[in-house]
Amino acid sequence: MASLSLKTKFFLHPNNTSIHFHPQNKLQSINFPKKVKLKIKVTCSAEDQQSQQRQKQKQQKRFKKKRSVSEGEKGVDPVGFLTKLNITHKPFAQFLRERHKALKDLQDEIFKRFLNLQEFSTGYQILGMHRHVEHRVDYMDWAPGARYCALVGDFNGWSPTENCAREGHFGHDDYGYWFIILEDKLREGEKPDELYFQQYNYVDDYDKGDSGVSIHEIFKKANDEYWEPGEDRFVNHRFELPAKLYEQLFGPNGPQTIEDLGEIPDAETRYKAWKEEHKDDPPSNLPPLDVIDKGKNYDIYSIESDPLWQEKFRSKEPPIPYWLEVRKGRKAWLKKYTPAIPHGSKYRVYFNTPDGPLERVPAWATYVQPDAEGKQAFAIHWEPPPECAYKWRNTHPKVPKSLRIYECHVGISGSEPKISSFNEFTEKVLPHVKESGYNAIQLIGVVEHKDYFTIGYKVTNLFAVSSRYGTPDDFKRLVDEAHGLGLLVFLDIVHSYSAADQMVGLSMFDGSNDCYFHSGKRGFHKYWGTRMFKYGDIDVLQFLLSNLNWWVEEYQIDGFQFHSLSSMMYTHNGFASFTGELDDYCNSVDKDALLYLILANEILHALHPNIVTIAEDSTYYPGLCEPTSQGGLGFDYFVNLSVSDMWQSFLENTPDREWSMTKIVSTLVSSGKYSDKMLVYAENHNQSISGGKSFAEILFGEITEHSPGSSDSFLRGCSLHKMIRLITFTIGGRAYLNFMGNEFGHPKRVEFPMPSNNFSFSLANRRWDLLANGGVYENLYSFDKELMKLDENERVLSRGLPNIHHE
């Protein structure tokens, strides 16, 4: 039902995403049905018919404004979720309609260059470094501001001239994409391949493809087995037809001038002359084709053939297998060629720009060694031989109705004062997560980033796993083992900003300030010193959307949490006072960023139906988890950030006897309409890592290190620690999150090694040994396990919000 209300005022509660209506005057609301079906047979005069026709035209004119989509967009309503929630706010509805129109215009621009959105969002298939089947490696990158491009590395002595994009031959296209071919080097004493387009099988079994059959034998086999008698005439004599045509037009007996050539008869006349010339020809093995000519226009283009021959022709496979039989295996390739860029080689991309030459880590690099000891970062070519490459063993687990997420940071997951690896995490932490009763892990700081102490939020290379923890194959093993344990793997993805360091990230990538990012003030985060992406650029969109699909395709990731959406959705980066009115969500909004989020959710859910996307937005933007077809952004879950802030405020500022139960319940319940889309947590990594204290550190202080557990304040702290999790778990939405170690009350916060602490690792780890000692930590851990079992057995989360009868 569509509702028309007068003088209606509404606002968004800061801790509540639901929209409250407060009528200033008691005026009646008039409800109109969207569609009325009348099944009444009437007889009326011509005057009545004209009156009905005029009334129908008025109705069509009245609802024409509401129909803001074309006939090809059936089921799409840009303001659908506003209608569902009975929200009547003209400025915001107009903003949604304009945003939808901008989305269609953006898609039109995309389709001018790309076949479809799948091709658009899989740029990693051609961009970056790729092995080609014709004994070479292809490299492509986007740098519209550069004048010259080359690859430098230890494979060519860091020469800026040996492997370059040759202007006029390959060079770059009109969009600024540079293309470089690295030819494999022929070994001494070996002869080049007999075929120019000789293909090699690199990725299957080690020697699969070496048949030992020569090209001459393949051609003879194809002629004998594939072609019918007479069909191979123009294969064996392919110059016969053009030679005859050339002789007829330009030979010694042909016309010498245009005047001698005269007018060329039309197709119908030439066809009839040909039929008359060949009417006495003997039967042929060639396909029986004839032109239907019944005297109508364009009949000369209608072809009639034998149905039996047509069926035979359609059932015949193209002769591709004959060509593939000529492929050679990896052994033959290694025997004849040296790889143009060996596995493990270090390299960078070299640009000549208006401001001079510079070297950069390629934007699409999949393995990067960050800068260390003052040395510039470089990419590592990752192409292990097929017998060494990781082979997947497990499939994706099914997405459960309720998510119990264990948030992890690989680097601090060990007990020793060092950076832990992917392999150590796989061996020690994954079994603990499974035993604890969680069904998903969420990894932070996995994507390559600037400096270890930045946790992983100043991302520099979006397509590379951090080399601090291991190799790409090590990370694949981690994901594979998690799937084998029935755990989903989510990634905390940072597309809302990027590192501003020019030597390691995308900033000033091609020498210009506006390659991937906005220029001027808009290109810099006001408070964090990071760069802001130019979401309205087609090539930047392709880069970011391809990045999402890369993690799903290459590493089998099951979902993403989009970090800090408010910093990208608003030109003020989310640092502004919100009045609670919907006008806040129309003003100072980066519409391009919203279009990117809509495309990201649409493409991810279309290509990977079981993907899970989570929105982390402190402003609770309206329609976060509504379908994109109904004016929403398309996320599966949104994070209720206010819950942990509430608990933190209570613990630090309010005695527990004075805690407001009304505030606790209202904050946890948030919006009943979106309870099945809400993810809650008592504390995540922000409480422990971002310079603050963990709840256990606040509640227990130093008692946990010295007291045997008899202190009343200590017991009270344990009880509050359990109660906070119990209330959050049972009253919140369908998804619950816990940060690594907080389930057993980790006594210390997290502090990464940095200059302020003399690069100490003493607080950059987890005290797993406390669980083996028994006592309070084992008790808190057992309580958390029982909470997880409560959901597994009684479906506490999947049932949705409980009914609160009294507070």
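These are my notebook entries on a few spots I looked up in this structure, which is a predicted model.

**Entry: strands β22, β23 and β24**

I began with β23, which covers residues 612-615. I looked up which way its side chains point. V612 and I614 point one way from β23, while T613 and A615 point the other way. All four are buried. I jotted down the general rule beside that: side chains in a regular strand alternate between the two faces of the sheet.

Next I checked the partners. β22 pairs with β23 in the parallel sense, over four bridges. In that pairing, G559 stands opposite V612 of β23. β24 also pairs with β23 in the parallel sense, over two bridges. There, A615 stands opposite F638 in β24.

**Entry: aromatic pairs**

I took Y497 and W528 to start with: an edge-to-face pair, 5.2 Å centre to centre, with 70° between the planes. Both residues lie in the loop between β21 (488-493) and α15 (538-555), so the pair ties together parts that are 31 residues apart in sequence. W528 is partly exposed, at 34%.

Then I turned to F562 and F635. Their ring centres are 5.4 Å apart and their planes stand at 80°, so I noted this pair as edge-to-face; the cut-off for that label is over 60 degrees. F562 sits in strand β22 (residues 559-562), and F635 sits in the loop between β23 and β24 (637-639), so this contact ties together parts 73 residues apart in sequence. F562 is buried, with a relative accessible area of 2%. F635 is buried too, also with 2%.

**Entry: arginines over rings**

R131 lies over the face of Y202, at 4.8 Å from the ring centre. R531 lies over the face of F524, at 4.2 Å from the ring centre. I came back to R131 in the next entry, since R131 is also linked with D184 and E383 in a network of salt bridges.

**Entry: salt bridges**

My search of the whole structure turned up 29 salt bridges. Besides the R131, D184 and E383 network, I wrote down three pairs.

- D138 and R136 form a salt bridge, with the closest N and O atoms 2.8 Å apart. D138 is buried, and R136 is as well.
- E325 and K221 form one with the closest N and O atoms 3.4 Å apart. E325 lies in the loop between α11 and α12 (330-336), and K221 lies in helix α5 (residues 215-225), so the pair ties together parts that are 104 residues apart in sequence. E325 is partly exposed, with a relative accessible area of 27%, and K221 is partly exposed at 29%.
- E435 and K785 meet through their side chains at 3.7 Å, N to O. E435 is in helix α13 (residues 422-436) and K785 is in helix α25 (residues 776-794), so this bridge ties together parts 350 residues apart in sequence.

**Entry: a nonpolar patch**

Which residues make the nonpolar surface patch of about 550 Å²? I listed Y196, F197, I320, W323 and L324. L324 lies in helix α11 (residues 320-324). I checked how open L324 is: its relative accessibility is 37%, so L324 counts as partly exposed. That also clears the cut-off for patch residues, which is over 30%.

**Entry: positive phi**

Background for this one: most residues other than glycine have a negative phi. I looked up two residues with positive values.

H135 has a phi near 35°. H135 is found in the loop between β5 (128-132) and β6 (136-142). Its relative accessibility is 11%, so H135 counts as buried; the cut-off is under 20%.

R795 has a phi near 55°, again a positive value in a residue other than glycine. R795 is found in the segment after α25, the helix that holds K785. At 46% relative accessibility, R795 counts as partly exposed.

Note on methods:
Residues numbered from 1 in each chain as written. Heavy atoms only, no water. Patch = residues over 30% accessible without salt bridge, like charges linked within 9 Å, V, L, I, M, F, W, Y side chains within 5 Å. Areas by Shrake-Rupley, 256 points an atom, 1.4 Å probe, with all protein chains shown as cover. Salt bridge = Lys/Arg side-chain N within 4 Å of Asp/Glu carboxyl O. Buried < 20%, exposed > 50% of the residue type's maximum accessible area, 1.4 Å probe, protein only. Phe/Tyr/Trp six-rings, centres within 6.5 Å; stacked < 30°, edge-to-face > 60°. Lys NZ or Arg CZ within 6 Å of the ring centre and 35° of its normal. Pairing = 2+ DSSP bridges.
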